[in-house]
Amino acid sequence: MASQSKLPQLTSSNLFVTEGGIETTLIYRNNLDLPSFSTLPLLNTEDGRQTISSIYQEYVNIALAHSTGVVLETRTWRGSPLWSSEIGLSIPQILDLNRTAVKILHDIRNKTPSTSVVISGALGPLQDAYQDSTGTVSFGQAREYYGPQIHAFAEEGVDMLCIMTVTNLDEATAAVSLAREYNLPIHVSFSVETDGQLRGGRTLESAIRAVDRLTENYTTYFGVNCAHPRYIIKAVRGMHTDVRSRIGSIRGNSSLKSHDELDNSLVLDRGDISVWVREFNELLNMLPGLKVVGGCCGTDEEHIDAIASRINSVG
């Protein structure tokens, strides 16, 4: 079993925060082009690294203001060598930039001794996140593509791994199997549709149970990201208590739009923050094992500060 005890969010009496939708912030607020939604090319320039570091610092400041810790994900959601041609980088460049992404977070942590900063190496789906790749990406293929990325993370000293926006159980279990080989904790985060189910029709409960069964319960905790809290409530309502207790992270989208609608949207939908917080708060009451809260597409510092204020007021 991985060294779970080293993760401060597991033993903290306060919920940790994490980021909002950094990629949508870069696209819509900073007017930057992210090929295939990848921030890796930005890590290749000094200006890009400074821009990303400044955004990270905003979330660290929120954690400090609310006397809690923060989990920061490397900007490597599109960091698998599989994406080389899509994002215009060679495989050696991609792997070097995965290392750079970790080093940026070590630098931030070294400058922030007064609170816990957890460095999480982020993995993403190997195909379009809004499509179900079940049956098209196998367990073996996923291990092949995630392996070099996780190796780089381990050598650079991440605290944990996270695979986000996943619907393909082969991708999830491949990532978990590699995490076990490197003795790293891992967070597996699924995405759900407006009906509360994964794309393809599987329930969140069955997905969590399947990954736990196939990997001998190795996953540190599960999560949901890239869905509005309203749709995550649908996924959780009616779920057995033992499975609810395995959910440790929620990162909600700002928008109530479906994934298909968001995929074809030309403007940023920041949503109604008061509704986002109110429905997020309902999730807090439904999930006894929750450890980390944050945002996904369309959310920014204002959303995270709002939910941090809420959890601080009830903590």
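Let me begin with a term: a residue is called buried when its relative accessible area is under 20%, exposed when over 50%, and partly exposed in between, with a 1.4 Å probe and protein chains only. Helices (H or I, at least four residues) and strands (E, at least two) are DSSP runs, numbered from the N terminus.

The model before you is predicted: local features need pLDDT of at least 70, side-chain atom pairs count only at pLDDT 80 or more, and totals for chains, interfaces and linings use all residues. Residues are numbered from 1 along each chain as its sequence is written, and side-chain values use heavy atoms, with hydrogens and water left out.

With those terms in hand, I turn to strand 8, residues 292-295. This strand is covered on both faces: V292 and G294 are buried on one side, and V293 and G295 are buried on the other. In a regular strand, side chains alternate between the two faces of the sheet.

Which strands pair with strand 8? Two strands are said to pair if DSSP finds at least two bridges between them. Strand 1, residues 16-18, pairs with strand 8 in the parallel sense over two bridges, and F16 has V292 as its bridge partner. Strand 7, residues 247-252, is also parallel to strand 8, over four bridges; here G252 is partnered with G295.

Let me step back to the whole protein. There are 13 helices and eight strands. The C-alpha atoms fill a box of roughly 45 × 45 × 40 Å along the principal axes. For 315 residues, a compact globule would have a radius of gyration near 20 Å, and the 18 Å of this protein agrees with that. The radius is taken over C-alpha atoms, and the globule rule is 2.2 Å times the number of residues to the power 0.38. Buried residues make up 58% of the 315. Of the contacts (heavy atoms within 4.5 Å) with a separation of 6 or more, 80% come from residues 24 or more positions apart.

Next, the interior. A nonpolar core is a set of buried Ala, Val, Leu, Ile, Met, Phe, Trp, Tyr and Cys residues joined through side-chain atoms within 4.5 Å. The largest such core has 84 residues, and those with the most contacts inside it are Y146, I186, V188, F190, L204, I250 and V293. A second, separate core of seven residues includes V71, V118, M160 and V292. As for I186, setting aside residues up to four places away in sequence, its contacts include L161, C162, I163, Y218 and Y221.

Y146 brings us to helix 6, residues 139-156. What happens to helix 6 at Y146? The helix bends there by about 35 degrees, and a proline, P148, follows within four residues. The bend is the angle between axes fitted to the seven residues ending at a position and the seven starting there. Helix 6 has 18 residues and reaches 25 Å from its first C-alpha to its last, close to the 26 Å expected at 1.5 Å a residue; that expected span is 1.5 Å times one less than the number of residues. Its buried residues, among them A142, Y146, I150 and F153, pack against helix 5 (91-110), strand 3 (117-123), strand 4 (160-166) and helix 7 (169-181). Just after the helix, G157 takes a positive phi of about 90 degrees.

Helix 5 has 20 residues and reaches 29 Å between its end C-alpha atoms, close to the expected 28 Å. Buried positions in helix 5 include I94, L97, A101, L105 and I108. They pack against several elements, including helix 3 (46-65), strand 2 (70-73) and helix 6.

I close with three individual residues. G223 lies in strand 6, residues 221-227, and counts as buried at 1% relative accessibility. Beyond its neighbours within four places in sequence, G223 is in contact with H187, V188, S189, F190, I247 and S249.

L34 sits in the loop between helix 1 (22-28) and helix 2 and is buried, with a relative accessible area of 8%. Residues up to four places away aside, L34 touches E23, L26, I27, T39 and L42.

Finally, N253 is in the loop between strand 7 and helix 11 (259-263). Is N253 buried or exposed? N253 counts as buried, at 1% relative accessibility. Leaving aside neighbours within four places in sequence, its contacts include C226, H228, H259, W276, C296 and C297.
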